[in-house]
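Here's a quick briefing to read alongside the model. Have the sequence and the 3D view open, and we'll go topic by topic.

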Amino acid sequence: MCVIEGQNNLKKNLGLIATIALVIGMVIGSGIFMKPGKVILAAGDSTMALIAWVLGGVITLAAGLTVSELGAQIPKTGGLYTYLNEVYGKVWSYLYGWMQTIIYGPATIGALGLYFASLMLPFFAIEEGARLPIGIGIVFFMTGLNCLGTKYGGFIQTVATIGKLIPIALIVVFGLWKGNGQILGMTSGVSPSIGMGAAVLATLWAYDGWIGVSFVAGEMKDPGKQLPKAIIVGLGIVIIAYITINMAIMHVLPAAEIASLGKLAASTTAGLLFGEMGGNLISIGILVSIFGALNGYILTNGRVPYAMALEGQLPGSAIFSKVPNSVGTPVNAMLLEAVLATILMIFWDPDSLTDIAMFAMWTFYVTAFVAVFILRKRHPNTVRSYSVPGYPFVPIIAIVGALYIIFNMFIDKPMDAMVAVGITLIGLPIYWIIK
């Protein structure tokens, strides 16, 4: 396997605890508070809703376990971009890197920045006109902190992850303790608009973000052992948190009320459990969650254009491949993502762009899962520091789950799916021009 030049310029500052916190912090954003109502509405009753959360967790864990084998065999910064480059060659990895760099990363960062600003406005009685400046300000503030070095970003991630787990734990403990409602077999009161497909898809959106930790494999102290442990432990904690908080909410509120409340279900539950303080607690918890998720995406997404620049696959590659010795982080690549995020925040709706990017992202996920089979056939005698357990069944579950997501998104939002394909393919002529 080829080694990308310049990887050794990055400092190996990320330990196992910070890496696990990165997984948890990137996955748990606002989705854990916002999705229960949508899932139960689509599933039709509380039992099927919990099954949807379990299925989403199983698909996500299978995906994480599978990609971990790629990360152990190719322990380099750049994540999926680097893996696809090793297995399929430069064109396919470039298309993924193009989509990640231009759309997915900036749109996600921009959306989280605006979400954070939107929640700050009522909390501090700030006028609506300040939403965009605050959103842009928090993006550049967090980018600046992460440009100082991964040890600062890792520390922020650890603290933010602990902070966001506190309100979740309080709702789970007091909800299961004080609630007296029936958890299983409670109808939503309305017929499901789409069914289990939409329910599982909603949970998978909430589980999204785990792949980001692989982008910084080259900055881990022992990536061969550390990356699989971080993904397994991190996703395990997330799955438990998602299922138990849904059980707690169902124990406090009837399923029909959860469905009708939608995004307010979690805050209403907190209000019933803790009084007026509960609403403030949830608001703070969501702010901390988004803060941690934003930090995680800023920390990881800048590594993709950096890896592409090392290969000369971006305009201005000489600039974006630079790593100042004083900090050991790809500062210019991270600033590029912040600038692109700012443009999206000003001119476009980041939520729509993120939905479009998700279709393309899961298409590349499928090829990553298949890559495990290709590498094993290509290097049958390679000694692996980690092998996906349950091979070949676990990778097959990941592949089937990804195809399920792609199919459902294509059926539910065909125009968004076609736009995702179009935006991705636009990168091809740019690639040939650069070459």
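G427 counts as buried, with a relative accessibility of 0%. This is a predicted model, so keep that in mind for everything below. G427 is found in helix α19, which covers residues 414-434. Overall, the protein chain has 19 helices and zero strands.

**Whole-chain numbers**

- Of the 435 residues in the protein chain, 58% are buried.
- The chain exposes about 16,600 Å², and carbon and sulfur atoms supply 70% of that area.
- Take the contacts between residues at least 6 apart in sequence: 84% of them join residues at least 24 apart.

**Around G427**

- Which residues does G427 touch, leaving aside those up to four places away in sequence? They are Y94, L95 and W98.
- G427 and Y96 are 331 residues apart along the chain, yet their C-alpha atoms are separated by 9.3 Å.
- Two of those contact residues turn up again in a ring cluster: ring pairs link Y94 and W98 with Y431 and W432.

**Aromatic pairs**

- The structure holds 14 aromatic pairs.
- One of them is W362 with Y365, an edge-to-face pair at 4.6 Å centre to centre with 85° between the planes.
- Both W362 and Y365 lie in helix α17, three residues apart, which is about one turn of the helix.
- An α-helix has 3.6 residues a turn, so residues three or four places apart point the same way.
- W362 and Y365 are both buried.
- F373 and Y391 make a tilted pair, because their planes sit at 40°, with ring centres 5.2 Å apart.

**Y391 and its neighbours**

- Y391 also has a charge over its ring: the charged end of R376 sits 3.7 Å from the ring centre.
- Y391 is joined to P392 by a cis peptide bond, with omega about 5°.
- Most residues other than glycine have a negative phi, and most peptide bonds are trans.
- P392 is found in the loop between α17 (350-378) and α18 (393-412).
- Elsewhere, K178 lies over the face of W177, at 5.9 Å from the ring centre.

**Salt bridges**

- How many salt bridges does the structure hold? There are two.
- R376 and E69 are both buried.
- The other bridge is between E128 and R131, with the closest N and O atoms 3.1 Å apart.
- E128 counts as exposed at 53% relative accessibility, while R131 is partly exposed with a relative accessible area of 29%.

**Helix α5**

- Helix α5 (residues 80-88) is largely enclosed by the rest of the structure, because eight of its nine residues are buried.
- The buried residues in α5 are L80, Y81, T82, Y83, L84, N85, E86 and V87.
- Just after α5, G89 takes a positive phi of about 105°.

**Nonpolar surface patch**

- F140, L335, V339, I343, I346, F347 and W348 make a nonpolar surface patch of about 670 Å².
- Which helix gives the largest share of the patch? Helix α16 (residues 331-347) does, with five residues.
- L335 is placed in helix α16.

Notes. Residues are numbered from 1 along each chain as its sequence is written. This is a predicted model: local features need pLDDT of at least 70, side-chain atom pairs count only at pLDDT 80 or more; totals for chains, interfaces and linings use all residues. Side-chain values use heavy atoms; hydrogens and water are left out. Patches are made of residues with over 30% relative accessible area and no salt bridge: like charges are joined within 9 Å, nonpolar side chains (Val, Leu, Ile, Met, Phe, Trp, Tyr) within 5 Å. Accessible areas come from the Shrake-Rupley method with a 1.4 Å probe; for residues, only the protein chains shown count as cover. A salt bridge is a side-chain nitrogen of Lys or Arg within 4 Å of a carboxyl oxygen of Asp or Glu. Helices (H or I, at least four residues) and strands (E, at least two) are DSSP runs, numbered from the N terminus. Buried means under 20% relative accessible area, exposed over 50%, partly exposed in between (1.4 Å probe, protein chains only). Contact means heavy atoms within 4.5 Å. Rings of Phe, Tyr and Trp (its six-membered ring) pair if their centres lie within 6.5 Å; planes under 30 degrees apart count as stacked, over 60 as edge-to-face and the rest as tilted. A charge sits over a ring if NZ of Lys or CZ of Arg is within 6 Å of the ring centre and within 35 degrees of the ring normal.
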